[in-house]
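Here are some exercises for a reader who is new to this structure. Please try each task before reading the solution that follows it.

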Amino acid sequence: MASLFNFSIITYLLPLLVIYEHQIPTVVAETTLSRVCLGCICEAASGCNVTLGCEESVCGPFRITWSYWSDAGKPTLENTQNTNENAYARCVNDPSCAARTVQGYMAKFAQDCNGDGNVNCDDFLRIHRLGGYGCSGYLNKKYEDTYKFCMQTFSERQ
């Protein structure tokens, strides 16, 4: 009976491990960010300015680094290889591909950063800004206030 139980657990967990390994954020419900959440992270990052392009080590409206994009699984625009020299910049400067990059990064690093016992958009903001390994650190007040105002404004409209 115990071996049947163990087999059932393995049968259930194996697909989850495969999903995690391939970082498919749309399948992992706990780490799927809502449109409001993504929009407010974008707003805090750049005012969601889609015309910024690349500056120094960050690109696009979410201000994404190459390492962040790589950790997110190197998503690309349609018909582009992620080994293409311009794949990173093309993706993170495109709002849809950049949003998929954020989703992928959160799928990999989702955690309770603020210690409230929940993993939600407040944590995703911190992970986005401070990284997957430092999300409990200090968050810039202007950045956090912009995010909170956005969340308050758009959460009321849902």
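This is a predicted model: local features need pLDDT of at least 70, side-chain atom pairs count only at pLDDT 80 or more; totals for chains, interfaces and linings use all residues.

**Exercise 1.** Decide whether H6 is largely enclosed by the rest of the structure, and find which residues of H6 are buried.

Solution. Begin with the cut-off, under which a residue is buried when its relative accessible area is under 20%. Seven of the 10 residues of H6 are buried, so this helix is largely enclosed by the rest of the structure. The buried residues are Cys121, Asp123, Phe124, Leu125, Arg126, Ile127 and His128, and they pack against helix H2 (35–46), helix H3 (66–71), helix H5 (95–109) and H7.

Take His128 as a worked case, a residue placed in helix H6. Its relative accessibility is 9%, and therefore His128 counts as buried. Leaving aside the neighbours within four places in sequence, His128 is in contact with Ile41, Ala45, Phe62, Ile64, Tyr68, Val102, Met106 and Tyr143.

**Exercise 2.** Describe what is found at the start of H6, just after H6, and in the loop between H6 and H7.

Solution. At the start of H6, a side-chain oxygen of Asn120 lies within 3.0 Å of the backbone nitrogen of Asp122. Just after H6 comes Gly131, which takes a positive phi of about 95 degrees. The loop between H6 and H7 is the place of Gly134, which counts as partly exposed because its relative accessibility is 29%. The C-alpha atom of Gly134 is separated by 8.5 Å from that of Cys113, although the two residues are 21 residues apart along the chain.

**Exercise 3.** How far apart are the axes of H2 and H7?

Solution. The axes of H2 and H7 are 8 Å apart, and the helices pack at an angle of about 145 degrees. Their crossing is right-handed. Among the residues that make the contact are Cys40 and Ala44 of H2 and Tyr147 and Met151 of H7. By class, the contact of H2 with H7 divides into 11 nonpolar, three polar and one charged.

Methods: Residues are numbered from 1 along each chain as its sequence is written. Side-chain values use heavy atoms; hydrogens and water are left out. Helices (H or I, at least four residues) and strands (E, at least two) are DSSP runs, numbered from the N terminus. Buried means under 20% relative accessible area, exposed over 50%, partly exposed in between (1.4 Å probe, protein chains only). Contact means heavy atoms within 4.5 Å. A polar contact is a pair of N or O atoms within 3.5 Å; within protein, one must be able to donate a hydrogen and the other to accept it, and residues adjacent in sequence count only if both atoms are side-chain atoms. Axes are lines fitted to C-alpha atoms, for helices over the stretch in contact, and angles run from 0 to 180 degrees between N-to-C directions. A crossing is left-handed if the near helix is turned anticlockwise from the far one by less than a right angle, and right-handed if clockwise. Ala, Val, Leu, Ile, Met, Phe, Trp, Tyr, Cys and Pro count as nonpolar, Asp, Glu, Lys and Arg as charged, and the others, Gly among them, as polar.
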